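Good morning. I will talk about the cavities in this structure, and then stop. Please look at the model first.

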Amino acid sequence: MNDKFNDECGIVAVTLKENIEAAQLAFFALNGLQHRGQQAAGLAVCNDGVMSCYKDTGLVTDVIDEQILTLLKGEMALGHVKYGPAKESFQTFAQPLIINYRNGSLATAFNGALVNGDKLRKEMEDDGVIFSTKTDCEVIAALVARHDKGNITEAVKTMMQEVQGGYAVCLMKQNCIIGARDPRGIRPLALGKLEDGYTIASESCAFDMMDAEFIRDVKPGEIIVIDGNNMTSIETEPADKAAVCAFEYVYFARPDSTIDGKNVFDVRELAGKILAAEHPVEADIIIGVPDSGTPAAIGYALESGIPFRPGLIKNKYIGRIFIQPTQVQREIGVRIKLNPIETLVKGKSVVLVDDSIVRGVTMRKIIESLRHVGAKEVHLRISSPPIRNCCFYGVDTPDVKDFIATSRPVEEIRQELGADSLGFISIEGLLDSLGGCEYCVGCFSGEYPVEADD
């Protein structure tokens, strides 16, 4: 089992004015979004009004090879990467999803979750609508198809009035690409400009893969319509208060991405500085847990004056060890994946910085490995507050009873992990690193911007 939350997907849409190689660009972008989902990948294209799609389980480069790309020709492309529980088949969750209805074909790629998705599905099933998957993506597609009376934009607006939750969605019709972000902006979505068209993606880092210009983030509640080389913005009424997912900055997003005007690396580094001010300690070196813990570790070092050293080496070729079937194999996998440098650690008091803890299995083994090579002390610092609650907006979270912080005081967590001391950044400190309070921190506080159905 992975000791982190898993973002459930990343999406990208590309539309070109006079070029049928949109899939090539979308393929590069999907590789830049691989961190958002590793279980399945897919690409849909539209070529002169005809749609086709290829998707399967695996990483982007495993699913979409050169031969597949030669078949996926079109002036528009829609791509998706997905994380999903291993028990699900790719037919259940792989995207994009293409449906055919009275007004033609519609391809949909979705990131997030609807808190009223099951209710909407049941209502449509009672009216005779047949679903082939259990995904919210298909609920979105069915609602848009139901409301499309010849104006796809109005259909998307009506759909957004009916659904509740946190989401970003891209749709591809025969003549346009449409992107939309939920009224609170919980899930990210960005707009970019290509030399001969436009692109929409979950993160701005995807634009670098295509040599595209990052224009701006899609606003909460905004609909972007791209027809050839023309882009139109339609602003629906946003929620009273934005609630961007704070965990995007803590862990999900790449550090080279910018979300709602804030660079992810800068936010993580500032969180590390605030963490050092809230939980100072005397030590010899700072070590970050690669890769997502490194920016906060650098920030902690800058604030504390303790030198940062790369004391943990990550094996980048080990694959996803967390899917191994037994606990013993998983724990061995942790040692294979992260190994300490003995000469840097031996005899030292170490501050170990990571972005978050969910179950604590991985962290316990990391601390044990540092002690095994001679660390004198291990002081654990976490640049997010204790995770005590599930997410309902498109993040795969384990059962709350498996969280190490559920109903446990910090001292008990410290003892469980085997650290000499333990400090979590406060919720106020995390919000300070983000420069405001309009963020969703439900997994930390239990207070959610959109209440979920039972």
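α9 (246–252) and α17 (442–445) each supply at least two residues of the lining of the largest cavity. Helices here are DSSP runs of H or I with at least four residues, numbered from the N terminus. A cavity is a set of points on a 1 Å grid over the protein atoms alone, where a 1.4 Å probe fits but cannot get out, and lining residues have an atom within 4 Å of a point.

On sources: this is a predicted model, in which local features need pLDDT of at least 70, side-chain atom pairs count only at pLDDT 80 or more, and totals for chains, interfaces and linings use all residues. Residues are numbered from 1 along each chain as its sequence is written, and side-chain values use heavy atoms, with hydrogens and water left out.

There are two cavities of 30 Å³ or more. A volume is the space filled by probe spheres set on the points, which are joined across faces, edges and corners.

The largest cavity comes to about 110 Å³. It is lined by 18 residues, and those closest to its centre are Cys245, Phe247, Cys391, Cys440 and Cys443. By class, 16 of the lining residues are nonpolar, one is polar and one is charged. Nonpolar means Ala, Val, Leu, Ile, Met, Phe, Trp, Tyr, Cys and Pro; charged means Asp, Glu, Lys and Arg; the others, Gly among them, are polar.

The second largest cavity holds about 60 Å³. Its lining includes Tyr249, Arg268 and Asp355. α10 gives the most to this lining, with three residues. By class, five are nonpolar, one is polar and two are charged.

Terms used
1 Å grid on protein atoms, 1.4 Å probe; cavity = no way out; pocket = protein on both sides within 12 Å on 5 of 7 lines; lining within 4 Å.
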